[in-house]
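Please open the structure in your viewer and keep the selection tool at hand.

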Amino acid sequence: METSPSTAPEGLEINGDRLLRRLTELSDIGAIEGTTGSSRLAFTDADQAGRDLVVTWMTELGLDVTVDGIGNVVGVWVPEAMTPEQATLPPVMTGSHIDTVRTGGRYDGNLGVLGGLEVIETLATAGVVPQRPLAVAFFSNEEGARFPPDMMGSLVYVGGLGLEQAHQTEGIDGSKVGDELARIGYLGPSPCPGQVPHAFVEVHIEQGPVLEEASVDIGAVESVQGISWTEITITGQSNHAGTTPMRLRHDPAFVAAEITTFVRRMVTELGHPQVGTVGMIELHPNLVNVVPASAKLTVDLRNTNNDVLIEAEERLAGCLERLAESEGVEISTRTLARFDPVIFDPEVVDLVELTAKRLGASTLRMPSGAGHDAQMLARVCPTAMIFTPSHKGISHNPAEHTDRHHLELGVNTLLGVMVGLAGS
Ligand code: HGY
Ligand code: MN
Ligand code: MN
């Protein structure tokens with residue numbers, strides 16, 4: 001991958017006011033009262049409104065906007081001064097997502113999409129003509145919180161998941177991806193898999209404490225850890241809370257609690273960087289005086305080391321077998337997501353680090369604890385990520401915050417890396 005240190009005009013900087021204004025305007029859609037966060041679960045009305053707003057900005061900027069069969073939106077910038085040969089080259093692409101978890105923050109995903117838009121607007125305004133088109137995308141359903149798996153849109157974009165299979169995916173509310181895409185008007189005509197970019201780079205908040213604790217400005221992300229999501233359904237025997245002696249109980253709530261504590265103990269034993277989360281527990285019928293009939297819970301396991309992640313999965317499976325036996329319940333599982341760790345392109349990582357240092361930033365090479373669309377694009381083209389610090393490491397929480405200086409530094413780094421990858 002030939003990359004050249006950024007050849008953007010010395011000192012060319014993004015317009016921080018414009019970036020902040022767009023981040024604010026977008027986060028006002030699905031705004032969570034009293035916070036700076038938003039709730040825009042994939043393919044909901046709020047997601048549709050957010051999509052419409054960003055598509056408007058892309059169109060106003062003169063980008064060639066396309067929507068594909070899973071609702072991924074790509075805006076391509078082809079400056080008029082570009083030669084016909086250059087205009088048909090695969091673009092350097094950036095982007096991320098604008099869907100959020102139910103309790104989302106202002107910057108998760110949004111920074112990568114609006115930062116990409118800002119880079120293109122800055123270059124266009126300055127009359128910089130890259131040697132190949134630049135593109136900014138937002139990929140559908142990156143969070144996977146309503147419809148698993150996460151990174152669904154970018155996974156379909158790179159051919160890792162069939163479009164029909166994605167459309168048939170049922171959400172936590174019983175709706176289907178294909179129906180919801182049609183309902184919000186984003187069941188687009190562009191083919192999946194999508195065009196393979198020349199290279200892909202994503203700027204994203206770290207969503208963890210590492211950069212802030214180390215007082216470092218920019219993360220040069222070298223990898224993404226492996227992800228394993230399992231849905232567990234426990235079927236016991238519904239019974240009267242008062243009359244049923246403990247010896248006769250087959251209690252899914254108790255089993256769910258045992259699984260939750262098992263995950264914590266196992267992860268502690270395996271040690272850092274293994275993490276484990278029980279994020280969802282549902283009881284049925286969920287009433288004070290009824291021993292539950294069933295319980296459904298999710299387990300999210302992650303590790304940079306795939307072998308240890310597999311060990312964690314095997315230990316969890318053993319725990320479920322023992323509990324089914326001892327408590328006389330039925331336990332079934334469904335894999336919601338399973339992605340191996342991903343290593344980014346070393347030359348693109350080098351360019352991120354070099355570009356940030358040229359801007360006077362301190363840098364740190366690090367893995368990503370969160371999943372990102374970049375980990376899917378890495379399957380088809382040279383890819384890396386730029387991290388900005390997260391205040392107190394808080395994310396997937398409306399209190400998510402990154403200070404302006406770091407937002408601007410992250411997007412200025414993105415500008416330099418994109419120009420460096422495209423040549424100008
Ligand atoms: O789950 C994740 O890591 C990402 O936020 N989708
Ligand atoms: Mn994200
Ligand atoms: Mn997220």
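**Between the two domains**

Across the interface of domain 1 and domain 2, the rule finds 0 salt bridges, a salt bridge being a side-chain nitrogen of Lys or Arg within 4 Å of a carboxyl oxygen of Asp or Glu. The model is predicted: local features need pLDDT of at least 70 and side-chain atom pairs count only at pLDDT 80 or more, while totals for chains, interfaces and linings use all residues. Residues are numbered from 1 along each chain as its sequence is written, chains are lettered from A and ligands numbered from 1 in the order in which they are written, and side-chain values use heavy atoms, with hydrogens and water left out.

Select 16-225 + 343-422 for domain 1, then 226-339 for domain 2; these bounds come from an automatic or database domain assignment. The C-alpha centres of the two domains lie 33 Å apart.

Next, display the residues where the domains meet. Here 16 residues of domain 1 are in contact with 11 residues of domain 2 (heavy atoms within 4.5 Å). Together the two domains bury about 960 Å², 64% of it on carbon and sulfur atoms; buried area is the accessible area (1.4 Å probe) that two parts lose on being put together, summed over both. Now select Pro148, Asp150 and Gln225: in domain 1 they lose the most area to domain 2, together 54% of what that side buries.

**Around the ligand**

- Arg302: a polar side-chain atom lies 2.6 Å from an oxygen atom of ligand 1.
- Gly371: a backbone N or O atom lies 2.7 Å from an oxygen atom of ligand 1.
- Glu143: a polar side-chain atom lies 3.0 Å from an oxygen atom of ligand 1.

Finally, show the surface of ligand 1. Taken alone, the ligand exposes 210 Å², and the protein buries 96% of that (Shrake-Rupley method, 1.4 Å probe).

Technical notes:
Polar contact = N/O pair within 3.5 Å; in protein donor to acceptor, adjacent residues only side chain to side chain.
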